[in-house]
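Consider the model shown here. The paragraphs below take up the contact between the chains and then the fold of one chain.

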Protein chains: 2
Amino acid sequence: MKILITGGAGFLGTQLARALLRLGHFRGQPIERLTLADRVAPAHPEVVADARVAADVGDLLQRMPALLAGAQDVVFHLASAVSAECEADFDLGLRSNLDATRALLDGLRQQAMRSGQLPVLFFSSSVAVFGSDPGIPLPAVIRDDTFPTPQSSYGAQKFICEQLIAEYTRKDFLDGRVARLMTVSVRPGRPNGAASSFLSGIIREPLAGLPAVCPVDLDTAVALASPANTVAGILAVAQADREALGGRTAINLPALTVTVRQMLQALEAVAGKETAALVTLSPDPAIARIVGGWPAHFDSPRAAALGLKPDASYRAVIEQYIADNKTTG
Amino acid sequence: MKILITGGAGFLGTQLARALLRLGHFRGQPIERLTLADRVAPAHPEVVADARVAADVGDLLQRMPALLAGAQDVVFHLASAVSAECEADFDLGLRSNLDATRALLDGLRQQAMRSGQLPVLFFSSSVAVFGSDPGIPLPAVIRDDTFPTPQSSYGAQKFICEQLIAEYTRKDFLDGRVARLMTVSVRPGRPNGAASSFLSGIIREPLAGLPAVCPVDLDTAVALASPANTVAGILAVAQADREALGGRTAINLPALTVTVRQMLQALEAVAGKETAALVTLSPDPAIARIVGGWPAHFDSPRAAALGLKPDASYRAVIEQYIADNKTTG
C-alpha cells in the first residue's frame with residue numbers, strides 16, 4: 001500500500017501522517033511507503049525518522065507527474081493555498097487549488113487505466129464553501145444537502161474541486177471522497193493572518209502565559225473540531241466502503257458548536273482565572289463580520305452514520321491540546 | 001455596442017441573434033456589431049443578410065483570443081458540447097465546456113483590466129445540473145436554492161461553470177449572469193440522439209404528416225419552455241440590473257410543467273385526431289429512466305421577479321411553432 005499526502009508537511013498533514021504510521025496499515029493492507037509532498041520538508045521527528053516515509057519537496061503542480069509515476073493506492077489531497085492568499089492573488093489560488101487538483105485527477109485517472117485499480121482519493125474541502133450570497137442567505141442550520149454559495153475564492157475553488165471529484169468518481173475514473181473540515185482548534189504554533197487565528201490563539205497563548213486578543217463578541221457562535229477529531233474524520237471518510245458514504249457529494253465533518261464565551265469559560269475551568277484573564281476583548285469589526293458570516297450550526301447525519309461525533313466538549317478539546325503539547329510546553 | 005454569441009449558428013443562437021437584430025439596441029445602446037461564433041457559419045437568411053452580423057467559424061477555444069481582440073460589450077455564451085457527446089467523450093466535454101469557458105472568463109477579465117469597463121456575460125446553464133445523487137435525492141419541487149448534484153458530465157461541467165462565473169462576478173472581473181434553460185419544445189428540424197428529442201418530435205413529426213414514437217409513459221411529467229419564451233428569458237437575465245437578479249447564483253428560467261398525455265391532447269386540440277394518431281407508444285426503458293430522473297416541478301421566484309412567466313399553455317406552444325414554421329411547413 002502506497003500512500004501520498006499532499007500538504008504532508010503542514011500541521012494536519014503531519015498529524016495524519018503520524019496517525020497512519022502508527023496504524024501501520026490502511027484499508028486492510030500494510031503501509032509500505034508514505035510520500036509527504038509539500039513546499040517544505042517534513043520536520044516532525046516521528047515522521048522524519050520513519051523508514052517508510054519519503055519526502056517530496058517542490059511545487060505540487062510541477063511535481064505531480066513524478067508523484068504519480070510510482071502509482072499511489074491512496075492519496076490524501078490536503079495541499080491548498082489558504083483563503084487570504086487566494087483572495088489576494090486570484091491566479092495563484094486558481095493554480096494551486098484548481099489546476100493542481102485537476103492535474104491530480106487526470107494523473108490518477110491515467111494510473112487507473114494503466115493498472116485497472118481505482119485509486120482512493122480523499123480531498124479536504126472546507127466549510128468555507130458556505131457563504132451568504134446576496135440572493136440566497138445561509139439557513140440557520142447547515143445540512144448535507146444545503147446549497148453552498150461560496151463568497152471567497154478559496155471557498156469557490158474548494159467547491160469546484162468537490163464537483164470535479166464527484167464527477168470523476170461517477171465516471172469510475174477513481175474512488176473520490178470529500179469531507180468539509182471545520183475550523184480546527186486548538187492549533188499549535190503561532191498566530192497567523194487568518195480571520196480564524198484567534199480561535200486557537202485565545203487558548204494557546206494564555207496557556208503559554210502570553211496575552212491574547214479576542215476580536216469578536218463573546219456570544220459569537222463558532223463550529224470547531226479538535227485536531228484529533230479532524231484526523232479521525234479524514235481517516236473514517238477515506239476508509240469507509242463507498243455505500244457507507246451515502247453519495248458522492250461532500251460530507252460535512254462533525255462540528256462542536258460553542259460560543260466564544262463558552263471557550264473562555266472552559267479555559268478558566270481547565271487553567272484557572274489568572275490564565276483566562278490573559279485574554280483581552282478588543283472588537284475588530286472586520287474580523288467580526290467575517291467570522292459572523294461563517295455557519296455555526298450543523299446537522300450532519302452522513303458523518304454520524306460513519307460513527308463520527310463532535311468533540312465531547314470544548315474543555316476536552318483544551319485538555320487534548322495540553323496533553324499533545326506537553327513536551328514543548 | 002458589440003455583442004458576441006457563441007454557438008451563434010445553432011438553433012437558440014440563431015433565434016437570439018434574430019431577436020437582437022430586430023431590437024436594434026441592447027442595454028440602452030445601438031447594436032453596431034453582432035459576432036456569431038460557431039463551428040459552422042450562420043445560415044438563417046435574416047441573419048446572413050444583416051450588415052451588422054460577422055460570422056466567426058472555427059473551434060471556440062482556438063478562436064477565443066481573436067474573438068475577444070475586438071472587445072465585446074456583451075457575450076452570450078451558448079456554445080456547448082451536448083450531453084450525449086460529453087458522456088461518450090469525457091475529455092471533449094471538459095475541453096468544450098470547461099476549458100473554453102475558462103478561456104472566455106480570463107479573456108473578458110483581461111479586457112476589463114484594459115478598458116475599465118465590465119463586460120456583461122450571459123451563460124446558458126441547464127436543468128441538467130440537477131440529478132439524484134445516491135445520497136441526496138432530488139426534492140419534489142426544485143427551488144432557486146436547491147443543491148444541484150449533477151449526474152452527467154454535461155451537468156457537472158455546466159454547474160462548475162456556474163461557480164466560476166459567480167466567482168469572477170464577485171471579484172468584479174466581469175458582470176456574469178447565469179440562467180438554467182428548460183427543455184426547449186417544440187424545436188424545429190430533425191430528431192437527434194438526445195433523450196429529450198421526442199419532446200419535440202411527437203409534435204413536429206405529426207404536424208408534418210410523419211409518424212412519431214413516444215418512448216415514455218403518458219403520465220410522465222416534464223418541464224418545458226418554448227423557443228420564444230427561452231429567448232425572452234435569456235434577454236431578460238442579460239438586460240436586468242444586477243440588483244434585480246437577486247444574487248450571483250444561477251436563475252432557473254420559468255417552466256411549463258405538463259405530462260406527455262397533456263402534450264398529445266394539445267396536439268389533438270390544435271391539429272385533430274388524425275394528426276395525433278400518428279404518435280405511437282413504444283416504451284423505451286432507457287429513455288424513460290433518463291427522462292424520469294429530470295426535475296419536472298419548479299418554484300422559481302427569481303425568474304418571476306424579473307417578470308418572466310412560463311408559456312401560457314402547451315397548446316399555445318404548439319400554435320407558436322406552427323406560426324413560426326409556416327413558410328417551411
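Two residues are taken to be in contact if their C-beta atoms, placed from the backbone, lie within 7 Å. In this predicted model, 25 residues of chain B meet that criterion with 25 residues of chain A. On the side of chain B that touches chain A, the most is given by helix α6 (residues 153-170) of chain B, with eight residues. Sorted by class, this side of chain B has eight nonpolar, nine polar and eight charged residues.

How are the two copies related? Chain B is superposed on chain A by a rotation of 180° with 0.0 Å of shift along its axis, at an RMSD of 0.0 Å. The copies are thus related as by a two-fold rotation axis. Within chain B, F147(B) has the C-alpha nearest the axis, at 2.1 Å from it. Of the interface residues of chain B, 100% are also interface residues in chain A, so the copies meet through the same surface.

Turning to the fold of chain A, seven strands make up an open sheet with parallel pairing, in the order β5-β4-β1-β6-β7-β9-β13. At its edges are β5 (53-57) and β13 (251-252) of chain A, each of which pairs on one side only. Strands β1 (residues 2-6) and β4 (residues 33-38) of chain A pair in the parallel sense over five bridges, and I3(A) stands opposite L34(A) in β4(A).

Helices lie across these strands. Helix α1 (residues 11-23) of chain A lies across β1, β4 and β6 (74-77) of chain A and runs at about 175° to β4(A). Helix α8 (residues 227-239) of chain A lies across β6, β7 (120-126), β9 (175-181) and β13 of chain A, at about 160° to β9(A).

Terms used: Residues numbered from 1 in each chain as written. Chains lettered and ligands numbered in written order. Predicted model: local features only at pLDDT ≥ 70, side-chain atom pairs only at ≥ 80, totals over all residues. Helix = DSSP H or I, 4+ residues; strand = E, 2+ residues; numbered from the N terminus. Nonpolar A, V, L, I, M, F, W, Y, C, P; charged D, E, K, R; others polar. Least-squares fit on C-alpha atoms with pLDDT ≥ 70 in both. Pairing = 2+ DSSP bridges. Axes fitted to C-alpha atoms, helices over the stretch in contact; angles between N-to-C directions.
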